[in-house]
Amino acid sequence: MVYFLSHKGSDLYSYIYRALDGDVEKIRPVDITRDDGIRIRPGYSYYGRPFEATYIPTKIELTGPKRPVLDLYDAFGLSVSAKVKDVIERFEPGVHQFFPIQFLWTDGQLAADRFWFVPCNRLDTVDRAKTTFEFRNLWYLDGSKKELVFNRSQIGNHHVWIDKFIVMPTPAISEALKDALDAAGVTGAHYQHFAETD
């Protein structure tokens with residue numbers, strides 16, 4: 001199985017968040033060279049390529065009731081705890097970016113130390129023969145009952161990646177990594193699973 005990794009938004013309250021430094025409008029990938037996948041543009045969307053560090057915020061203010069911040073949270077992209085970072089680094093050391101971020105409450109009190117997570121593998125991993133979505137130079141996942149199927153040989157030894165042909169890319173992860181995150185007791189993770197062929 002392959003899983004899309006996202007934040008599980010099941011809390012009663014969602015935080016309103018804002019960057020206290022940096023400039024999220026100026027964040028951009030280091031390399032925006034065109035390839036045959038989704039066009040890479042300036043901005044903080046995930047493309048499977050590293051980001052320039054210059055404008056990435058280091059402090060994000062959270063507005064809402066004080067409570068523990070989950071290991072995986074969404075604020076300008078996925079923010080992860082040291083626990084999540086350690087699991088990912090164990091599988092793919094030195095591959096992905098983790099920018100330190102402090103979450104602060106509106107009174108300035110520390111809510112959590114986290115890392116802004118940037119997946120840095122950009123791959124073509126969908127099995128075009130087995131997938132029933134229509135391929136029109138990109139995969140448009142329209143919420144229908146069609147099947148998205150991944151190909152193990154195209155994934156290779158990767159455990160976290162962005163598929164460069166899927167519109168609105170979400171980090172994809174291997175089953176082994178998902179199992180390791182579960183074993184570590186990671187909170188806040190939502191997994192959407194998909195079939196995988198050899």
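In what order do the 6 strands of the open sheet lie? The model is a predicted one. Select the sheet and read across it: the order is 8-10-11-1-12-9, with mixed pairing. At its edges are strand 8 (122-123) and strand 9 (149-151), each of which pairs on one side only.

Go next to strand 9 and its neighbour, strand 12 (residues 189-197). The two run parallel and are joined by 3 bridges.

Now select helix 3 (residues 175-183). Helix 3 lies across strand 1 (2-7), strand 10 (160-163), strand 11 (172-174) and strand 12, and its angle to strand 11 is about 85°.

Show the side chains of the largest nonpolar core, which has 21 residues. The residues with the most contacts inside this core are L5, V80, I88, I173, L177, L181 and Y191. Among the elements that each supply at least two residues of the core are strand 1, strand 5 (78-80), helix 1 (82-91) and strand 7 (110-118). Centre on L5: leaving aside residues up to four places away in sequence, L5 touches L72, L78, T170, P171, I173, A189, H190 and Y191. Another core, of 19 residues, lies apart from the largest one; I27, F76, W105 and A112 are among its members.

Finish at helix 1, where the buried residues are V84, K85, V87 and I88. Look down the axis of helix 1: these residues fall within an arc of 165°, so they line one face of the helix. They pack against strand 5, strand 6 (97-105), strand 7, strand 10 and helix 3.

Notes
Residues are numbered from 1 along each chain as its sequence is written. This is a predicted model: local features need pLDDT of at least 70, side-chain atom pairs count only at pLDDT 80 or more; totals for chains, interfaces and linings use all residues. Side-chain values use heavy atoms; hydrogens and water are left out. Two strands pair if DSSP finds at least two bridges between them. Helices (H or I, at least four residues) and strands (E, at least two) are DSSP runs, numbered from the N terminus. Contact means heavy atoms within 4.5 Å. Axes are lines fitted to C-alpha atoms, for helices over the stretch in contact, and angles run from 0 to 180 degrees between N-to-C directions. A nonpolar core is a set of buried Ala, Val, Leu, Ile, Met, Phe, Trp, Tyr and Cys residues joined through side-chain atoms within 4.5 Å. Buried means under 20% relative accessible area, exposed over 50%, partly exposed in between (1.4 Å probe, protein chains only). The arc is that of the directions from the helix axis to the C-beta atoms.
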